[in-house]
Amino acid sequence: MKVNLVSDTITKPTAEMLKVMMDAKVGDDMYREDETTIALEQKIAGMFGMEAAMFFPSGTMANQTGIKLHTQPGDQLICDKDAHIFHYESGGVSFNSGVSCRMVDGDRGTIKAHQVAEVINDPNSFHSPMTTLVSLENTANKGGGTCYDFQEILKIREVCDSHNLKLHLDGARLWNALVAKGESTTQYGEVFDSISVCLSKGLGCPVGSVLLGTEEFINRAYRVRKILGGAMRQIGYLTSAGIYALDNNIARLSEDHRRAKELEATLASLPFVKSITPVETNIIIFDLEEGYSNTAFIEALKGYNIFISPMGAKLRMVTHLDYTQEMHEYVLDCLAKLELVTQ
């Protein structure tokens, strides 16, 4: 069998999801005539207790739209040094919004309220960029699927309020955090000015993310999405998959988390694995002892038809909807008998 643990973005729609997609009622979204898309946006806005939502073709476009609406050229936002908006969105913060990032040295992709407070620029200084936005990522991708402590988020909100800053959440894998921590969507909707959530990772949709905020914020987002090339037409075929996923694929994320923890335990038993970032959700990041090659490890797994990805100097596995229990047991068995030689 082939096992792909490169990312949770590689999933394909199930037969049930495909049927819903093919039966979708569609119209022209730019004329606001696609009733399935409207239904998804209203459904997800209601889940978070926020006024409005908008479907986007990607999480990057949703994040970039949120940043654009919260800032002015020359402003500065605060984020963790490993944030997705800085590392994996092709410099969009500077290209699209003319904004710089003030990087904070957080813990596995998460930052503390006192760290935010320490790097806010004096608004009366003409020498420094104006700090206007804080962006958090939950779960933190480069942090190994780390979840925020919600009480810390509340403290960061207090800092933002006292300094008149907006607070955005890159919640691409927020669904994983909610399941792992037993938290609710409404908790997050009450705290953040804007939230982006992805439908095409843990929830298994073929494409799509959603941006949430006030009605006024989302009305302005239509123009930015259009500018970025995100105008779409009969997207009910895609947004119907989102409705199905929200109804059927959230609770099962606990299975991905369980399997990730079991992979962590097996990797920890291997003599050539040096360390593993503590696993909280569905991402396993680890590195090898000195003298062992990441490339050799990847190639050895390919010999078993198992595929993983490098992540800088480390290695990464990601569990997901298409990673079955049969595959999982096969991977655990292959890892246990894996042999590597030093170079």
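In what sense do β12 and strand β13 pair, and over how many bridges? The two strands pair in the antiparallel sense, and the pairing extends over 3 bridges. The model described here is a predicted one. Within this pairing, Met311 has Lys314 of β13 as its bridge partner.

These two strands belong to an open sheet of 4 strands, arranged in the order β9-β10-β13-β12 with antiparallel pairing. At its edges stand β9, covering residues 273-276, and β12, covering residues 309-311, and each of these strands pairs on one side only. On average, and with direction ignored, neighbouring strands of this sheet are turned by 40° against each other. Strands of a sheet pair through backbone hydrogen bonds, in either a parallel or an antiparallel manner.

A helix accompanies this sheet. Helix α13, formed by residues 294-302, lies across β10 (283-288), β12 and β13. Relative to β13, helix α13 runs at about 30°.

The loop between β10 and α13 contains Gly291. Because its relative accessibility is 32%, Gly291 counts as partly exposed. Apart from residues up to four places away in sequence, Gly291 touches Thr342 and Gln343. Gly291 and Gln343 are 52 residues apart in sequence, yet their C-alpha atoms are 5.7 Å apart in space.

How many strands form it, and in what order do they stand? It is formed by 7 strands in the order β2-β8-β7-β6-β5-β3-β4, and the pairing is mixed. The edges are taken by β2 (52-56) and β4 (100-104); each has a single partner strand, so one side of each is left without a neighbour in the sheet. Neighbouring strands here are turned by 20° against each other on average, direction ignored.

With β4, strand β3 pairs in the parallel sense over 5 bridges. In this pairing, Leu77 has Cys101 of β4 as its bridge partner, and Ile78 stands opposite Arg102 in β4. With strand β5, residues 131-137, strand β3 again pairs in the parallel sense, over 3 bridges. There the bridge partner of Ile78 is Val134 in β5. Strand β3 is mostly covered, with 5 of its 5 residues buried. In a regular strand, the side chains alternate between the two faces of the sheet.

Further along the order of the sheet comes strand β6, residues 166-171, where Leu167 has its place. Is Leu167 buried or exposed? With 0% relative accessibility, Leu167 counts as buried. Leaving aside neighbours within four places in sequence, Leu167 is in contact with a set of residues that includes Leu133, Val134, Leu136, Ile156, Cys160, Val191 and Phe192. The C-alpha atoms of Leu167 and Ser135 are separated by 5.9 Å, although the two residues are 32 residues apart along the chain.

The cysteines can be considered next. The structure holds 0 disulfides. Cys101 is in no disulfide, and the nearest cysteine sulfur, that of Cys79, is 4.3 Å away. A disulfide would require the two sulfur atoms to lie within 2.5 Å. Cys160 is likewise in no disulfide; the nearest cysteine sulfur is that of Cys79, 13 Å away. Cys160 counts as buried because its relative accessibility is 0%, and Cys160 is one of the residues in contact with Leu167.

At what angle do α8 and α12 pack? Helix α8, residues 174-181, and helix α12, residues 253-268, pack at an angle of about 80°, and their axes are 9 Å apart. The two helices are therefore roughly perpendicular to each other. On the side of α8, the residues that meet α12 are Trp175, Asn176, Val179 and Ala180. On the side of α12, the residues they meet are Leu253, Ser254 and His257. By class, this contact of α8 with α12 has 4 nonpolar, 3 polar and no charged residues.

Definitions and conventions. Residues numbered from 1 in each chain as written. Predicted model: local features only at pLDDT ≥ 70, side-chain atom pairs only at ≥ 80, totals over all residues. Heavy atoms only, no water. Pairing = 2+ DSSP bridges. Axes fitted to C-alpha atoms, helices over the stretch in contact; angles between N-to-C directions. Contact = heavy atoms within 4.5 Å. Parallel < 35°, antiparallel > 145°, perpendicular 65-115°, else oblique. Nonpolar A, V, L, I, M, F, W, Y, C, P; charged D, E, K, R; others polar. Buried < 20%, exposed > 50% of the residue type's maximum accessible area, 1.4 Å probe, protein only.
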